[in-house]
Amino acid sequence: MQSIINFIKLIALAIILIFLHYVVSYLFPPPFNNLNIIFVAVILFIMGWESSASIWLAFIFNFFIELYSATPFGLVIVSNVVSVALVYMLYVYIFTNRSWYSAVALSSIAIVFYRIIYSILFISLNFSSVGLSIGWETVAVSYFWELLLTAVVSGLAVLVLSKVLDRFKSQKMFF
Amino acid sequence: MRKGRLLAITIVILLTILFHYTGWLNPVEVFFRKIINPGSSGIYQLSVEVNNETDNFGSVEELEAAYIELKKKYIDSVVDKTEYKLLEEENAVLREQLNFLESEDYKTIGATVVGKSIEPLRNSIIIDRGEADNIRVGMPVVAGSGIFIGKIIRVEEGTSVVNLINDRQSKIAGTLMNRDRSVGIIEGGYGLSIQMNFIPQNESVPIGETVITSGLEEGIPNGLVVGTVDAIEKEAYQPFQRAIISPAINLDKIKSVSVIIDI
């Protein structure tokens, strides 16, 4: 019963996050609309609770993104969830503290993983498109802003939360 | 992370993808779309209202260039009112000629834009009409009084995804309204502008010329306005020249569209 309630909580959180993501993407002026809310949320979730539920949160959130996606279904889910899982394992086994710079490093790594996997899958799934032109210059600029903004916001969020919540103090908490 | 959890998430992802393509996941998808659509639509419509108030400039130089261009246009229009009036009249005639939605009896269905793609590799919008409204993949989508903005690429029960003409995977057969009626391929993937490629080198392409759909492509009618020529790129040793096209409508500020469901 508890796990069902937890799952419903995750769905509710994912719906709130998707609206927040739309607010950022639609309302914020460029380049600030490149901020990736899900990675900020997932990094906070991983660092604050160190729970693998963050991977399920990423899955549910990206399932909602896929409902409106122009890319083949599954591309966003796979690339995002794989990168979140990698970052989760990095945090659990390699990173030793809960500092703002850990958040910056983790979110940067997450975005790099995500965009590499996403681009590889995108090209692979569109390899049959004759003359597919990818303006890598503009895409790279967009990826750069996404990485920079997500890393800065994650770092700032952890810095602020560490002053307010015991959960985000520098010592790691194990469950 | 335990291996069991890793295995569980892998299986769930694979089953989700499988069930999506078999259609078994459709009721779940429809349910969540009904929850998300109103919020997404509200935020999108608000964003169009907010963005209509301002234009975005990438740098001070871009803003300066826009200012100089605007000033030049203003002075030109003041200095030569007669020419302006003639151009206005010519423009009105061309618009009348090209307004196919009114002159031709296309069967269309109106739709509201409920969102847009947030992926950097795609330029698409989401509309609130789908399979239940007879929308099918490949149907042309127009905004305003017949301005071609893209094609349907994905249809779900209550929503559809429109691939905009500035998407890097968009390719449309187009015709220039110049003396030669040059044909070429209109392609996206170049930021805000689009390009018309494969225009024979010997044909004259005036700046400001209107570009329309050629009708050579199945399902896309002839004569839908796409945009106007902003610049020409030609190399002496190349058989073709290329036109940089400015879309006739700001593709970031579309609130409602019409899907041509029967030509």
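## Reading a two-chain predicted model

The contact takes 41 residues from chain B and 38 residues from chain A; two residues are in contact if their C-beta atoms, placed from the backbone, lie within 7 Å. This is a predicted model, in which local features need pLDDT of at least 70, side-chain atom pairs count only at pLDDT 80 or more, and totals for chains, interfaces and linings use all residues. Residues are numbered from 1 along each chain as its sequence is written, while chains are lettered from A and ligands numbered from 1 in the order in which they are written.

Q: Which element gives the most to the side of chain B that touches chain A?

A: Start with the elements: helices (H or I, at least four residues) and strands (E, at least two) are DSSP runs, numbered from the N terminus. Here α2(B) gives the most, with twelve residues.

Q: How do the residues of that side divide into nonpolar, polar and charged?

A: Ala, Val, Leu, Ile, Met, Phe, Trp, Tyr, Cys and Pro count as nonpolar; Asp, Glu, Lys and Arg count as charged; the others, Gly among them, are polar. The side of chain B that touches chain A has 20 nonpolar, 13 polar and eight charged residues.

Q: How many helices and strands does chain A have?

A: Chain A has six helices and zero strands.

Q: What should helix α1 of chain A span?

A: The expected span of a helix is 1.5 Å times one less than its number of residues. Helix α1 (residues 2-27) of chain A has 26 residues, so it should span 38 Å. Its end C-alpha atoms are 37 Å apart, which agrees.

Q: Which residues of α1(A) are buried?

A: A residue is buried if 20 or more other C-beta atoms lie within 10 Å of its own, exposed if 12 or fewer, and partly exposed in between; C-beta atoms are placed from the backbone. In α1(A), the buried residues include A:Leu17, A:Ile18 and A:Tyr22. Across chain A, buried residues make up 44% of the 175 residues.

Q: In which sense do β3(B) and β4(B) pair?

A: Two strands pair if DSSP finds at least two bridges between them. β3(B) and β4(B) pair in the antiparallel sense, over four bridges. B:Pro140 has B:Lys151 of β4(B) as its bridge partner.

Q: Where in chain B is confidence lowest?

A: pLDDT is the predictor's confidence in each residue, from 0 to 100. In chain B, helix α5 (residues 100-103) is lowest, at a mean of 56. β5(B) is highest, at 93.
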